[in-house]
Amino acid sequence: MAGIEDYAIIGDLHTAALVSTEGSIDWLCLPRFDSPACFAALVGDEDNGRWRVAPAGATRCTRRRYRPDTLILETEWETDSGSVRVTDFMPVRDQAADLVRVVEGLSGTVRMESDLVLRFDYGHVVPWVTRDERGIRAVAGPDAVVVTTPAPLQGRDMHTVSEFTVDEGERIPFVMTWYPSHLRPPSSVDALNALESTDGFWDTWSRASKANGPHREAVQRSLITLKALTYVPTGGIVAAATTSLPEQLGGPRNWDYRYCWLRDATLALQSLLTAGYTSEAKAWRDWLLRAVAGDPATLQIMYGLDGTRRLPEAALDWLSGYADSTPVRVGNAAADQLQLDVWGEVLDGLALTRASVKNGDDESWDLQCALIEHVRKIWHEPDNGLWEMRGPRRHFTHSKVMVWVAADRMVRAVERYGLPGPVDEWKKLRTAVRRDILKNGYNADRNTFVQSYGSTELDAALLQIPRVGFLPGDDRRVIGTIEAIQRDLTEDGFVLRYRPQAADDGLPGGEGVFLACSFWLVDALIGAGRRDEATKLFERLLTLRNDVGILSEEWDPKSHRQLGNTPQAFSHFALVRSGFHLLAGDSATSDTPMFIAPEGGKNR
């Protein structure tokens, strides 16, 4: 089985596919990120669907890379008879969903094999396949796929296989197109024309980036990955392209991340705005406002790509799971949890957008006033916290900090932009919450904030305290918390979210280090004036990316493997933000736009 770190992503801004170092596409949902997968070998085996194109008898590739500043993947093998490249990409969606694979001979003559195993409904349904002179057509229920290629195709044991040779300079394309089965098949794209236009799209998009400096490649690759996780029709950004990749191999901590989390809001907005991608930031803000519209009491922590609220969780018992890690889940029951921090995240994100692109004009102000009024009524309640714990609710310190953020951003909006509202009441709320946190969430004997009131446990979310402006980065209590986390909540210098056994999170087993948390430590160190230490940690974190710059959710410091769903937006947003902080030489608060000058200019 390929490692999680062996996968690269390609996509068309509606969905994404994962391609292994062996040339196998083991995960693809069509037509959307959250649709059932037609290739699900990633969480099962090859009979649950995959498409492998590689030299006959070959395994792991010799090398691979993305074309610079694009999402076009090039995988190369050197064999005894010659060398070959497979170029994989998905043209930016117009009408149909296309997946293109181009086999190109680089030297000599290479014997190639294509093994296509289509299995709809997460590897559960074998389609009915017919052939014509152009290729094959596969149909099952609402799904239909056509595959066109000049290479020979034949059916073999419920697989569609092709065996052919490629000579130096020769290019042999394969195009797979999905469409609703009740419609006529769309016209097939010309593979080479599509390659040129896709290259042009990504090159133009990357040229707009303000990323520069010594870490430019890593930051830009993360920005491209985040763009790949964007569902363009609505502007929503999925947390990851996959479901149920485990946080512990063989364990049950396997979740469906193909949805949009509200707490990604400020990280997403700050990263995109700083990089110069204003239109993407506005689209995400608009998605956010549509998703949260309605009764504030019904606010959820996550929504579907189009703002769908109901995300019922179910287990797919016919799938064996990645590395036998079960269950394989679709949907996410955490959508129904109470997590107080999300109100703060939403209002923080809208404050940042107001400061960056709205110039004080805010048509969503009435909605924001309704949100803060609801927070004022419920902030005393215990909740499930940032980490969506399935154990008992408690008073999480980070949740209360984000309540303070909610009140603070509303007060500032009145004071800075003259927006109407009961500012005195909001100031009272801000003061009361602050006193409550300093009284109950801070352990003076240990000089550190704690995970929850009455607890002595630590939590990486406490590193967010200076990020949101609750305390300055050089405050002694912040310094004490940084040092406590470095001492007691790290493995091999990387940060854990919390200690699962001590925190009673309602689940058995453990997990790896959470990559975003280590980037939060980078930001906290910058704010504390420890720039050299922050740079060293940031550059260590960059070594955890795979060979094409992808990060999953977690890292196992013992086995040196990636864990969790991939690519993980939270990890890549945090990388981008830390990279820009290092470039600027300071750590901006979450509601403050960062200005990054062109190469050679002065940042602030």
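Phe-201, Trp-202, Trp-205 and Tyr-277 make up one aromatic cluster in this predicted model. The count of aromatic pairs comes to 17. One of them joins Trp-202 and Trp-205, edge-to-face. Two contacts between an arginine and an aromatic ring are listed at the end.

**Trp-202 and Trp-205**

- The ring centres of Trp-202 and Trp-205 are 6.0 Å apart, with 75° between the planes.
- An angle over 60 degrees counts as edge-to-face, so the 75° of this pair puts it in that class.
- Both residues belong to helix 2 (residues 191–207), where a spacing of 3 residues separates Trp-202 from Trp-205 by about one helical turn.
- Trp-202 is buried, and Trp-205 is buried as well.

**Phe-514 and Phe-570**

- Phe-514 and Phe-570 also form an edge-to-face aromatic pair, at 6.2 Å centre to centre and 65° between the planes.
- Because Phe-514 lies in strand 26 (residues 513–514) and Phe-570 in helix 15 (residues 569–584), the pair ties together parts that are 56 residues apart in sequence.
- Phe-514 has a relative accessible area of 3% and is therefore buried.
- Phe-570 counts as buried too, because its relative accessibility is 8%, where the cut-off is under 20%.

**Arginine over aromatic rings**

- Over the ring of Trp-51 sits the charged end of Arg-101, 5.3 Å from the ring centre.
- Phe-470 has Arg-434 over its face, at 4.9 Å from the centre of the ring.

How values were computed:
Residues numbered from 1 in each chain as written. Predicted model: local features only at pLDDT ≥ 70, side-chain atom pairs only at ≥ 80, totals over all residues. Heavy atoms only, no water. Phe/Tyr/Trp six-rings, centres within 6.5 Å; stacked < 30°, edge-to-face > 60°. Helix = DSSP H or I, 4+ residues; strand = E, 2+ residues; numbered from the N terminus. Buried < 20%, exposed > 50% of the residue type's maximum accessible area, 1.4 Å probe, protein only. Lys NZ or Arg CZ within 6 Å of the ring centre and 35° of its normal.
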